Amino acid sequence: MEEPLVLDTLAQAETEEFENTAGADPAVLFAAAYRSFAGPVQGYLKARGVDDPEAVTQDVFLAFYPRIESLTGGLQGAKSLIFSIAHARMVDHYRRLERRPHLTPYDPHDDARTSPSAEEGAVGITGGAAAMLEGLADEHQEVLALRIVADLSIEQVAAIMGKSTGAIKQLQRRALQNLKAQTLKRNQANHE
């Protein structure tokens, strides 16, 4: 077997630091949780289509800080709590969107410009996880974002989504099958 990487040693040190939360400095625990989970939380929020994932990530950690003293379960407990908060913020984001007034859509026939707009160029460049999840059912998008992007366990996803672990396994299996079929169709269309 290979020697563990330096990063694994640092992750282990933070895990040990977080295991003994009783009497520990909340600022130290917060810093360890932020270093461990800020990137995955931001990735999860971005994959779920939140408009400003960086700002919402900061909101998640601001909501997490006051709860540190009552935290149990070490690093995994912190991870579950942080992603539960992130999920709630994502739901809040979509509820706010539903309450906004509907704007008139852009009609390209009314546009007299002869060169493509900057928006068209930006939309053509974007992609990643959000583009791959597009076209899947909402529950399938949610389970894949939580399991793959956020790297949560089946039990943690079940708790967040309010379903049994068996239901989450089925949702994940079906979501991956649909994603595979969708990707094959897209690839065939691109090669024709």
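Visitor: What percentage of the 192 residues of the chain counts as buried?

Guide: It's 32%. Buried means under 20% relative accessible area, exposed means over 50%, and partly exposed lies in between (1.4 Å probe, protein chains only). Keep in mind that this is a predicted model: local features need pLDDT of at least 70, side-chain atom pairs count only at pLDDT 80 or more, and totals for chains, interfaces and linings use all residues. Residues are numbered from 1 along each chain as its sequence is written, and side-chain values use heavy atoms, with hydrogens and water left out.

Visitor: What makes Thr57 count as buried?

Guide: Thr57 has 2% relative accessibility, and the cut-off is under 20%, so Thr57 counts as buried. You'll find Thr57 in helix α3, residues 53-64. Leaving aside residues up to four places away in sequence, Thr57 touches Ala38, Val41, Gln42 and Leu45 (contact means heavy atoms within 4.5 Å).

Visitor: How many helices and strands does the chain have?

Guide: Nine helices and zero strands. Both are DSSP runs numbered from the N terminus: helices are H or I with at least four residues, strands are E with at least two.

Visitor: What makes α8 mostly covered?

Guide: Six of the eight residues in α8 (residues 154-161) are buried, among them Ile154, Val157 and Met161. Gly162 follows α8, with a positive phi near 70 degrees.

Visitor: Which residues line the second largest pocket?

Guide: Arg48, His87, Met90, Val91, Tyr94, Asp138, Glu139, Gln141, Glu142 and Met161 do. On a 1 Å grid over the protein atoms alone, a pocket is an open set of points with protein on both sides within 12 Å along at least five of seven lines, and lining residues have an atom within 4 Å of a point. Helices α4 (74-99) and α7 (138-149) each supply at least two of the lining residues. The volume of this pocket is about 180 Å³.

Key. 1 Å grid on protein atoms, 1.4 Å probe; cavity = no way out; pocket = protein on both sides within 12 Å on 5 of 7 lines; lining within 4 Å. Points joined across faces, edges and corners; volume = space filled by probe spheres on them.
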